Amino acid sequence: MKIILGEKEVQLDGISIDQYETIKNFEGDMTNSQFISILTGLEDKEIRQATVQEIGFVSKMLNSYYQKQTDKNPLKQIVEYKGEILGLEQPSTMSWGCWSDLEILTSQKPLNLKLI
């Protein structure tokens, strides 16, 4: 998806774990420009060059996109990320050691999705 905000153009290819955790763990009320910055990587000063209407529109559109990405996307077992093939194991095929590690990692608070 392509985002155009003022004179800036950004291509979004999905929500990263870092972005998801940043939004999920954000303390206080998040402003539209903070939300846009997290998802697009644009700096606050770049975002503030756009009009209030543009910022509001893009923020609403990104919120809808974020909800769809986090609520409705099926978990893919094999993905390519930065030229590397990454995959997930089915629980039924995990070794006892992998299962034990997963159990320990998911019991730790706060959850570290990258480590899991």
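Trainee: Where does Gly14 sit?

Mentor: In this predicted model, Gly14 lies in the loop that runs between S2 and H1.

Trainee: Why is Gly14 called partly exposed?

Mentor: Its relative accessibility is 23%. Buried means under 20% and exposed means over 50%, so Gly14, at 23%, counts as partly exposed.

Trainee: Which residues does Gly14 touch, leaving aside its neighbours within four places in sequence?

Mentor: Gly14 is in contact with Gln19, Tyr65 and Gln69.

Trainee: Let's turn to the aromatic residues. How many aromatic pairs does a search of the whole structure find?

Mentor: It finds one. The rings of Phe35 and Tyr66 have their centres 6.1 Å apart.

Trainee: What makes Phe35 and Tyr66 an edge-to-face pair?

Mentor: Two values decide it. The centres are 6.1 Å apart, and rings pair if their centres lie within 6.5 Å.

Trainee: Which residues of H2 are buried?

Mentor: Ser33, Phe35, Ile36, Ile38, Leu39 and Thr40 are buried in H2. Just after H2 comes Gly41, with a positive phi of about 80 degrees.

Trainee: Which residues touch the most other members of the largest nonpolar core?

Mentor: Leu5, Ile36 and Leu62 do, in a core of 17 residues. Strand S1 (2–5), H2 and H4 each supply at least two residues of this core, and H4 gives the most, with five. Take Ile36: leaving aside its neighbours within four places in sequence, its contacts are Leu5, Gly41, Ile47, Ile55, Val58, Ser59 and Leu62.

Trainee: Now the charged side chains. How do you know that Glu43 and Lys45 form a salt bridge?

Mentor: Their closest N and O atoms are 4.0 Å apart. The cut-off is within 4 Å, and this pair is counted as a salt bridge. A search of the whole structure finds four salt bridges.

Trainee: Are Glu43 and Lys45 partly exposed or exposed, and what makes each so?

Mentor: Glu43 has 45% relative accessibility and Lys45 has a relative accessible area of 61%. Exposed means over 50%, so Lys45 is exposed, whereas Glu43 counts as partly exposed.

Trainee: Which salt bridge does Glu46 form?

Mentor: Glu46 pairs with Lys8, with the closest N and O atoms 3.1 Å apart. This pair links distant parts of the chain, as Glu46 is in helix H3 (residues 44–47) and Lys8 in strand S2 (residues 8–11), 38 residues apart. Lys8 itself is partly exposed, at 32% relative accessible area. Another of the salt bridges joins Glu9 and Lys2 (3.5 Å, N to O), and both Glu9 and Lys2 are exposed.

Notes: Residues are numbered from 1 along each chain as its sequence is written. This is a predicted model: local features need pLDDT of at least 70, side-chain atom pairs count only at pLDDT 80 or more; totals for chains, interfaces and linings use all residues. Side-chain values use heavy atoms; hydrogens and water are left out. Rings of Phe, Tyr and Trp (its six-membered ring) pair if their centres lie within 6.5 Å; planes under 30 degrees apart count as stacked, over 60 as edge-to-face and the rest as tilted. Buried means under 20% relative accessible area, exposed over 50%, partly exposed in between (1.4 Å probe, protein chains only). Helices (H or I, at least four residues) and strands (E, at least two) are DSSP runs, numbered from the N terminus. A nonpolar core is a set of buried Ala, Val, Leu, Ile, Met, Phe, Trp, Tyr and Cys residues joined through side-chain atoms within 4.5 Å. Contact means heavy atoms within 4.5 Å.
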